[in-house]
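Subject: Structure for you to look at

Hi,

Here is the structure I promised. Please open it first, then read my notes below.

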Amino acid sequence: MTVALDVEKKLVSVYQELTFNNQTNDTLDAIILNDWNNAYSDKNSTLGKRFSDEFERNFLLAKDEDKGFTTNVIILDQNKSTLDWRRLEDKVDIIKIRLENKLAPNKSVKLFLIYSLKIPNDSFTGYGFGKKNNFYLKDFFLTPARYENGAFVTNSNANIDDVANSLSDYELEVSIPKGHELTTDLNQDSYLENPITNSYTLSGKNRQSFSFLLGKKSNYFSYSNGTIEVLSNIDDNKLDDIKKAIIIDRIVGFVNDNIGNYPHQKITVSQADYDRNPFYGLNQLPSFLSPFSNEFLYELKFLKTYINNFLRSSVNLNQRNDYWISDGIQVYMMMKYMDEFHPQSKMMGSIARFKILKSFNLINLDFNQQYSYYYLLMVRKNLDQALNQPKDKLIRFNERIASKYKAGLSFNYLDSYLEQNIIPTSIKEFYFLSSTKQTTRSDFETILKSKSTKNIDWFFNNIIDSRDLIDYKFGKIIKEKDSVTFTIKNNKITTVPIPVFGIKNKQVLFKKWLENIKTDSTFTVPKTDYDKIVINYKNEVPENNLRNNWKSLKRLGLNRPLKFAFMKDLENPYYNQILYVPSFEYNLYDGAMLGLRFHTKTILEKPFVLDVNPMYAINSESLSGSFSFGINKDYREGKLFNMKYFMSGSRFHYAPDATYFKLNPSISMTFRDPDLRNNHKSGISARYNIINKEKSKFLLQEKEDNYSIFNLRYFNFTNEITSLFSYGTDFQYSNGFSKISGSIFYRKLYDDNRQLSLRLYAGSFITNKTISDYYSFGISSPNDYLFEQNLLGRSESSGLFSQQYVVGDGGFKSKIMPTNANKWLVASNASFTIWNWIELYGDIGLAKNKSISPEFIYDNGIRLNFVQDFFELYLPIYSNNGWEIAQPNYDEKIRFLITVSPKTLLNLFTRKWF
C-alpha cells in the first residue's frame, strides 16, 4: 500500500496492490474485503444499530464531518480492467468483488485498489481522529476477510474488536505531514524526511491487523529486551523511566514465561487501547481519590492492555465465537500475576488499612475476588449469558466485563480441579499452535483432554456452553465419634465437581473434591479437629449462591453468625447480614423525615428481600415510613424472565393533619426475549391495594376514607436511543366502581436531534356507583388514590406543590375545566423539538361526565425538556382557558416534572450496560 494522510481534511488516500493466494480447497469466484471504516458512514449500519441499542447518542447525532466512510473506490484486475464490486446487503462495511475468472486452489490473483478513507471522530469508539489532530487507525484499510468452513467470514464492525481479517504480509509506504510522528507495531524498514512530508517504509509478516498512531509529538516510551520492542504511552502519573522499565520488564517476562514468545518484533500498548477496555473498578477514580499508588495503577493498566494486545495480535481465533478462550487466558493470567507479585493486595487498595472500615466485606476482599462478584452481579440480575454466545450477541456489561471474568474464573476453576499444572501447560501449547495457524475451540479442547486423566466434558458442556447455575447445599449431617456423614444436595440441574472443606478458626484442615452429585449424595469423612464443613470455601467454583454452603458441627449456634453492617456492602457468604443506613425523605406535610433503614439488600440481588424503614417526621412530629418483603424468582429459559411475590406497606401524611396507611400484596411477571440485546420487555402485575385514611379538617371529606382496590396491569415496550414504543392497559375493581384504561406512547429521535413524542390515552368506567370524583379520570393531574405517585404535596390545590406534573390519565398541562371525567376520557398528547431542549407541546381530548355531553378540551405551550423524563418544565400558551400566557399570575400556571427516585435516576446511567 501507498498511504498519504491529509491531516486537515481527515482523509487517507490509498493505492493498494493486493495479491490474493487461494489457500483454500475451494474454487473462488469472488473475494470478500473488510471495509470497517465505512461502518461509520450510516446510523443504520451494524455499528450504528449497536450504538442505538446501548443508548449511545453521539454517533447517531454526529455531524457529517465527524463520520467516517470509504469513497472513490476503484478496483482493477491484473489487466487493469475494472471489476464489479458491491457492498453486502445490510453490511455497509463488507465489500464483495466479483472475479473475472474463477480462482482455483493454490492459484493467486493480483488486484489494484484505489480509494480514500474519511476518518471518523475517535469519540465514537476510540479509533479515528482526536484532539490536537492525533490519529489512531486500526482495521481501517480494505483487507481480505478470513475464509472458514467453505465461506468468507462476513462479520460487520460492532465495536467489539473481533475483525476477521485473513493472515497477510504487508508492505507499506506511508507519507504524513511534516511535524507529525508515526508510531506503529509494524517493522520500520526506512524513514525519510522531506520538505513537506515524512515518509516511512513499513512491513509485517503474517499479520491479522496493525495499528497506526499519529500525533504532532510522540509521547511513547520505548522498552526493548532484545527480542521485543514495546511502545507505550499509558498514563504514568509522572513515573520516572526507570520505574516504568522495571514494571514493563516484569510483565513482559511474566507473559513470555506463562504464555509464550510474541511472534512479531514490536507491540504497541497505548492509552487509547486501555481506554477502550479499562480495568473497571476504583482505579478509575480521580488520582486524588484513588486508593492505589501511582506505580500500582500503571502496572495494572499496562498488565491488562499488554496481555490483551499480545493475544489479539498473535492468537489466530475466531474472536466472534471463540473469544472466551483469549478472554479466559487474559483474566486467568492477570489473576496469576496478582497472586505472584501482589498477593496481599485488596480490591479497595489502601482503604483496607483503615480499621474503622474493617467490618465491610467490600473492604476486606482480596484483589482477585472482585472478578467473581462482577460476574455474580449479572447472574443475580438474570442477565448472564453463556460463553458460547457470539460476541455480538452479548449485552455491553457482559461483553466488556462479566463474560471475560467468567471465562477467567472458569479457567481458574479447572486449574484447581485438575491440579498438576495442566492449565498453564495447556495454555502455552495452545498459544504456540494458534500463533502459527488458524485455530478453533476444538484445538483447545483437544489439548486440555490430552493432558488430563479426568473426564472434563462437564467443563465444556456445563460451564462454557450453558448458563445453567451452580448451587450446592448441605442436607442431613450425622456426627459420629470418628467420622462425619453428610448429604450434599444439588439445587440446580448442573452437575460439576465441587470441593468440601473442614474449617476451624478460618484454617483449612481438609479439602475433598466431590463429583457426580446430580440430585443428592451422601459422603463420609474422618472427624478431626474441624468444627465447620463448608462447600466451595475458597470460591473456586463459580457458584450462584455461597450463603447455603455452611454447616456448623457445634450443638448450638448459627451456621453463619449474624452481622450488622453500616451502609451498603457486598454480600458476605460467611455471615447473615443485616444492613442499616440513615434514610431521608421529604413531603410538604411530614416535612423532612429522618430514619434508620434496616434491610438485606446487598450489592448482589437476592431471592428474598426484607426492607424496613421507620422515620421520624419533623413537621408532623410523628412516626412515618415504609416496609417491604418479598421473593424474587428468576427463570433461565423461555420468555418468562422473572416473577416477584411482594408485600409492602407505608404510612405518611397526605394532608397537614391526616395520614394514610397503605398495604399492598402483589405478584408480577416480567417477560423478556432470550436475546438479551433485544430491548423489548413486557409484563403483567396484580395488586390488592388496601388504603386506610384518617379524616382531615382541611379537606372536603367524602366516603373514601377506607377502601380496597384490585388492580391488574399489563405493559409492553421497546426502548432504544432513537425510538421508544410502549403500550399498556390498566384494570381496577372495587365495591364502588370498576374501570379500564389503555395508553400508547411513541417517541422518535431524528438525525437533526429533533424529537417527536406522541401519546394516546383512553379510559372508561365499566361501573361507577360513587358520587364523587375521587376515582375519576384526571384531566391535568391523575387522581392518585392508590398513593403510588411521588407527589411532594399531594393534597395541594394552589401554590408551588400543586404545579407538580405527573404523566398519567389525560396528561394535560393546563388546569382546565372539567378537571375530571367520571364516565370516559380520550386524550392525545404530542410534543416536537423546536431547538435543542425547547419543544412545542399540544394536548387534545374528549371528556365525558355523567348527564353531560362530551366536552372538547385542548391546550398547548412550550416544554423545556432539560433531562428527558427526569426534569422538565411546561409553559402554557393557549387552552380552553384562553391565552394563558397573557393572564395574571402566569407563574402559577407553569408545571414542573421532577423525578427524585434514586433507582429511576440510576437507570439513566445503567441502561446502556444492561
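Contact here means heavy atoms within 4.5 Å. Keep that cut-off in mind for the notes on what covers or touches what. Please also note that this is a predicted model.

Helix 1

Start with helix 1, residues 46-53. Six of its eight residues are buried, so helix 1 is largely enclosed by the rest of the structure. The buried ones are Leu47, Gly48, Arg50, Phe51, Ser52 and Asp53. Part of the cover over these buried residues comes from helix 8, residues 396-418. After helix 1 comes Phe55, which has a positive phi, near 60°.

Tyr405

Stay with helix 8 for a moment, as Tyr405 sits in it. Is Tyr405 buried or exposed? The relative accessibility of Tyr405 is 3%. Buried means under 20%, so Tyr405 counts as buried. Which residues does Tyr405 touch, leaving out those up to four places away in sequence? They are Tyr280, Val331, Tyr371 and Tyr374. For a sense of distance, take Tyr405 and Gly811. They are 406 residues apart in sequence, and their C-alpha atoms are 46 Å apart in space.

Cavities

Rolling a probe the size of a water molecule over the atoms shows where empty space is left. How many cavities of 30 Å³ or more are there? The count comes to 10. The largest cavity holds about 210 Å³ of space. It is lined by 16 residues, and the closest to its centre are Lys138, Asp139, Asp161, Ser209 and Arg312. Two elements give two or more residues each to this lining: helix 3 (271-276) and helix 4 (294-314). Helix 4 provides the largest share, four residues. By type, the lining of the largest cavity has two nonpolar, seven polar and seven charged residues.

Last, look at strand 23 (residues 498-504) and strand 24 (residues 507-514). They run antiparallel and are joined by seven bridges.

Best wishes

Definitions and conventions. Residues are numbered from 1 along each chain as its sequence is written. This is a predicted model: local features need pLDDT of at least 70, side-chain atom pairs count only at pLDDT 80 or more; totals for chains, interfaces and linings use all residues. Side-chain values use heavy atoms; hydrogens and water are left out. On a 1 Å grid over the protein atoms alone, a cavity is a set of points where a 1.4 Å probe fits but cannot get out, and a pocket is an open set with protein on both sides within 12 Å along at least five of seven lines; lining residues have an atom within 4 Å of a point. Grid points are joined across faces, edges and corners, and a volume is the space filled by probe spheres set on the points. Ala, Val, Leu, Ile, Met, Phe, Trp, Tyr, Cys and Pro count as nonpolar, Asp, Glu, Lys and Arg as charged, and the others, Gly among them, as polar. Buried means under 20% relative accessible area, exposed over 50%, partly exposed in between (1.4 Å probe, protein chains only). Two strands pair if DSSP finds at least two bridges between them.
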